[in-house]
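Dear colleague,

Please find below the structure that I am handing over to you.

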Amino acid sequence: MHKPPPASSYDPTATGKLTAAEVALLPYRPGVGVLLLNRDDRVFVAQRIDMRGEAWQMPQGGIDKGEQPREAAFRELEEEIGTAKAEILAESCDWLNYDLPIDLVPKLWKGRYRGQRQKWFAMRFLGRDVDIDIAGPHAEFSRWRWAAMAEVPELIVEFKADLYRQIVAEFAPLIARRE
């Protein structure tokens, strides 16, 4: 059994200045992400609860010590959307990185990481929309919706946009095969 995640890994009041050279020496946080497709090949995205502006994302999070990426992906689904009713369709060929903007480094994960190194999974949602509950005990999202895959990179915060374009490019053939 895994311990529940902290209430939030984001502390907007955290202060501290790091130089680009100091940030470059920090490691990446190991994590996973899930591109969750419904029966109509639309992608689950949710609005982050801790952001004032539009900041949609797919389910993602850290890998706990001793946990395998596949386990972490299903755990993150359960924690973030209230259900893990899904099956894996594909796994990203490589681990994918993104870097945080320097001013965010001290505010996320207590300033221990420069960004995340993630293994991504494309999954098919096997449940119904009513199975999704983003208001769980560790709520990270204020609302959610299904989006067209091509739209997903445009919804994310700018510093993750390249990562999302890579994910969409890698998993887009899953939809093309079904058409």
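**Findings**

Threonine 83 counts as buried, because its relative accessibility is 6%; buried means under 20% relative accessible area, exposed over 50%, and partly exposed in between, with a 1.4 Å probe and protein chains only. This is a predicted model, in which local features need pLDDT of at least 70, side-chain atom pairs count only at pLDDT 80 or more, and totals for chains, interfaces and linings use all residues. Residues are numbered from 1 along each chain as its sequence is written, and side-chain values use heavy atoms, with hydrogens and water left out.

Threonine 83 sits in the loop between helix H2 (69-81) and strand E5 (86-91). Helices (H or I, at least four residues) and strands (E, at least two) are DSSP runs, numbered from the N terminus. A polar atom of the threonine 83 side chain lies 3.2 Å from the backbone nitrogen of lysine 85. Leaving aside residues up to four places away in sequence, threonine 83 touches Leu77, Glu78, Phe125, Asp131 and Ile132, where contact means heavy atoms within 4.5 Å.

The loop between strand E6 (96-99) and strand E7 (115-125) holds tryptophan 109. Although tryptophan 109 is not a glycine, its phi is positive, at about 50°. Lysine 110 lies in the loop between E6 and E7 and has a positive phi near 55°, in a residue other than glycine.

Are these two residues, tryptophan 109 and lysine 110, buried or exposed? Tryptophan 109 counts as buried at 8% relative accessibility, whereas lysine 110 is exposed, with a relative accessible area of 74%.

Yours sincerely

Technical notes
Polar contact = N/O pair within 3.5 Å; in protein donor to acceptor, adjacent residues only side chain to side chain.
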